Amino acid sequence: MLKQHLNRITRGDCLKLLRAIPDASIDMVFADPPFNLKKKYNGYIDNLAFEEYVKWCEKWLAELARVAKPSGSIFVHNIPKWLSYYAAILNRHAHFKHWIAWHAPTSPMGKSLQPAHYGVLFYVKDLKRAKIYEIRMPHERERRSSYLRKDYGGKKAGLHPFGPLVSDVWTDIHRIKHKKYRDDHPCQLPVSLLERLILMATDAGDVVLDPFVGAGTTAVAAKKLGRHFIGFDVDSMYKKISEENIKNAAPDSRIGDVWVSFYLNEVRTLRDHDWPALAGHFDIPADMREIDYVKIAPRRHAHLFAGASSEYRKRRRA
Ligand SMILES: C[S@@+](CC[C@H](N)C(=O)[O-])C[C@H]1O[C@@H](n2cnc3c(N)ncnc32)[C@H](O)[C@@H]1O
């Protein structure tokens, strides 16, 4: 039953479709379910009674845990309120690794504290067998001066030339705000968010499943990184949008043989263990203290980065 869905978007209710996926067959699942916040979807009514919504979530969360391999990971994206319920459910089926806080400021809502993050729950099926890679992001710099934001004092010489290991607070990936960069879908996530998760939890050739694929973000990220995908969505218009986005994405997000995530022609995420193979592709200052104000640059820029952001260029042309 897996083959029939592989590298395709299937229209239908994810609960029904998931039931046909064999146990322990998927390397990574990512779910970004409806938030039950009365969002305006094409057909789906995002307004269930509280109990009904939680009961429904309980069902698909159990299915996600069932289909994940022992080495597999389960990621669920939502607002903190719903993640607190999801965590209680997932704790029965899998093992907690992290609550990733994805910084996403909103306009003032008159709440006691201004909500400024979405969460991504990160669970694994088996703590000992889980496939998890350490990942790095570029050093954060001031926009104009390019100086490092963090003051490393006398420790600059020991800094990693590319950037720090990624923590569980993500401030460097932004929501898609401009209409011209998004499809006709109310909650489209940025591809670089999914690419970071995929690089962290899978290898090329692995299978990534998204039961609420929307505009196809997870599938696009998986394809660009040489992974297989399975996508479900109940809405035929979103299936169409996904298919178009997947068609426009190429499995080319890499430098040489190494898969990396790009954003606007810069590497946004790489795996720590790939750095030795990648370092030769960058101009790194001989005196590492210069890293304070010198951004390391990729060598032979045009050649290496040519295919890197076909999706971005497509959006720019549109
Ligand atoms: C929050 S959106 C996902 C957005 C997606 N992550 C993206 O980046 O485009 C939730 C999606 O779930 C779909 N959906 C709602 N109920 C569903 C169900 N029972 N089975 C499958 N898909 C469903 C909606 O049509 C919507 O596209």
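1. Beyond its neighbours within four places in sequence, Phe162 is in contact with Arg136, Pro138, Leu270, Trp275 and Ile296; contact requires C-beta atoms, placed from the backbone, to lie within 7 Å. This is a predicted model, in which local features need pLDDT of at least 70, side-chain atom pairs count only at pLDDT 80 or more, and totals for chains, interfaces and linings use all residues. Residues are numbered from 1 along each chain as its sequence is written.

2. Phe162 belongs to the loop between β6 (135–136) and β7 (169–170); strands are DSSP runs of E of at least two residues and helices runs of H or I of at least four, numbered from the N terminus. Because 19 C-beta neighbours lie inside 10 Å, Phe162 counts as partly exposed (buried is 20 or more other C-beta atoms within 10 Å, exposed 12 or fewer, partly exposed in between).

3. The axes of α3 (residues 50–67) and α4 (residues 80–90) come within 10 Å and cross at roughly 50°. α3 is therefore oblique to α4 (under 35 degrees is roughly parallel, over 145 roughly antiparallel, 65 to 115 roughly perpendicular, the rest oblique). Val54, Cys57, Glu58, Leu61 and Ala65 of α3 make the contact with Tyr85, Tyr86, Ile89 and Leu90 of α4. By class, this contact of α3 with α4 has eight nonpolar, no polar and one charged residues (Ala, Val, Leu, Ile, Met, Phe, Trp, Tyr, Cys and Pro are nonpolar, Asp, Glu, Lys and Arg charged, the others polar).

4. The ligand is surrounded by 21 residues, of which the closest are Cys14, Asp32, Phe212, Gly214 and Thr217. The shell around the ligand divides into 13 nonpolar, four polar and four charged residues.

Definitions and conventions. Contact = placed C-beta atoms within 7 Å. Near = placed C-beta within 6 Å. Axes fitted to C-alpha atoms, helices over the stretch in contact; angles between N-to-C directions.
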